[in-house]
Amino acid sequence: MQAKDTKQQLRLLIQEASVIAPDLAKRLEEINRWVKDVKPGSLTAKRFVILFLQQMLQDAEVWLKLKSLPSEEEQQSALTALNPTLQYWYSYLFPKWLRENDPKFYIWRQKLMAGEFNQEDAKLINPIANNIKNRGGTIVQRYIADLSMATDIIVSSRQEKPLCIQLTSVSEEFSQEKFDDWENTLILWTIDRGLFLSYNPRATDLVNQIVNILLYNSDNLTIGSYLNFNL
């Protein structure tokens with residue numbers, strides 16, 4: 001989708017949301033004000049801005065389809081048909097983000113537009129995601145979760161209990177401060193359990209080791225736990 005088409009779709013979704021999903025309309029208006037004066041050519045050159053917009057528009061379309069269903073029972077049935085991580089995203093975290101204040105949203109919008117976000121961990125997360133899917137698990141990645149909720153990925157395994165995960169290669173001496181910030185962020189968003197995993201990029205069989213830890217803790221980490229795990 002070209003930048004001009006993205007802008008047009010954004011405006012159309014604002015109109016639709018204003019009738020059936022005012023919280024969504026408000027967020028989309030914020031985003032529209034953020035990008036409306038950026039020329040299409042300049043916007044296209046901002047890769048992560050475009051990726052965020054495309055992801056946001058997809059989530060908005062799903063949300064509007066859910067909200068347009070005639071009864072709460074049908075909405076709940078549609079959510080239940082989703083895999084566990086998508087169900088958690090659309091039934092809890094995404095609507096929570098729509099209706100509540102996000103203290104980081106303005107900050108990371110600026111960073112995205114300035115090109116100060118490069119998603120350094122993408123080369124690791126992509127094989128992790130593929131490995132999880134090959135083992136029958138499910139995974140969700142969202143810029144909103146990453147930048148506002150300190151959650152790189154949301155993972156679910158056999159017991160279908162989604163777990164919010166932060167991956168970091170920060171050395172152990174600096175990880176405590178980052179862990180504290182991460183834990184406080186999860187508590188702020190009422191995320192009831194999470195895993196903060198520090199890893200050594202030079203470790204052998206790194207992807208398999210990480211996936212083993214993620215899937216095990218998705219099944220077994222108790223509610224109210226924010227686990228700091230050093231690999």
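Which helices each supply at least two residues of the lining of the second largest pocket? They are helix H4 (47-67), helix H8 (122-134) and H9. The views below show a predicted model, in which local features need pLDDT of at least 70 and side-chain atom pairs pLDDT 80 or more, whereas totals for chains, interfaces and linings use all residues. Residues are numbered from 1 along each chain as its sequence is written, and side-chain values use heavy atoms, with hydrogens and water left out.

**Figure 1. The second largest pocket holds about 240 Å³ of space.** Gln119, Ala122, Asn126, Gln141 and Tyr143 are the closest to its centre among the 15 lining residues (a pocket is an open set of points on a 1 Å grid where a 1.4 Å probe fits, with protein on both sides within 12 Å along at least five of seven lines; a lining residue has an atom within 4 Å of a point). Helix H4 makes the greatest contribution to this lining, four residues (helices are DSSP runs of H or I of at least four residues, strands runs of E of at least two). By residue type, the lining comprises five nonpolar, five polar and five charged residues.

Figure 2. Two or more lining residues come from each of helix H7 (105-114), helix H9 (143-149), strand S3 (163-168) and helix H10 (172-188). Helix H10 gives the most, with six residues. In composition, this lining has 15 nonpolar, seven polar and 10 charged residues.

**Figure 3. Leu24, Phe52, Met56 and Phe94 touch the most other members of the largest nonpolar core, which has 54 residues.** A nonpolar core joins buried Ala, Val, Leu, Ile, Met, Phe, Trp, Tyr and Cys residues through side-chain atoms within 4.5 Å. Helices H1 (3-20), H2 (22-35), H4, H6 (84-99), H7, H9 and H10 each give two or more residues to this core, and H4 gives the most, with 11. Beyond its neighbours within four places in sequence, Met56 is in contact (heavy atoms within 4.5 Å) with Leu24, Leu28, Ile31, Phe94, Trp97, Leu98 and Ile144. Another core, of 21 residues, lies apart and includes Ile132, Ile139, Leu163 and Leu215.

**Figure 4. Thr185 of helix H10 is buried, at 7% relative accessible area.** Buried denotes under 20%, exposed over 50%, and partly exposed the range in between, for a 1.4 Å probe and protein chains only. With neighbours within four places in sequence set aside, Thr185 is in contact with Lys104, Ser148, Met149 and Ala150.

**Figure 5. Asp59 and Arg142 form one of the four salt bridges of the structure.** Their closest N and O atoms are 2.9 Å apart (a salt bridge places a side-chain nitrogen of Lys or Arg within 4 Å of a carboxyl oxygen of Asp or Glu). Asp59 belongs to helix H4 and Arg142 to the loop between strand S1 (138-140) and H9, so the pair ties together parts 83 residues apart in sequence. Both partners are buried, Asp59 at 2% and Arg142 at 15%.

**Figure 6. Arg27, Glu30 and Arg109 are linked in a network of salt bridges.** Between Arg109 and Glu30, the closest N and O atoms are 3.7 Å apart. This pair links helix H7, which holds Arg109, to helix H2, which holds Glu30, across 79 residues. Arg109 counts as buried, with 10% relative accessibility.

**Figure 7. Glu100 and Lys96 meet in a salt bridge, at 2.9 Å from N to O.** Glu100 is partly exposed at 29% relative accessibility, whereas Lys96 is buried at 6%.

Terms used. Nonpolar A, V, L, I, M, F, W, Y, C, P; charged D, E, K, R; others polar. Points joined across faces, edges and corners; volume = space filled by probe spheres on them.
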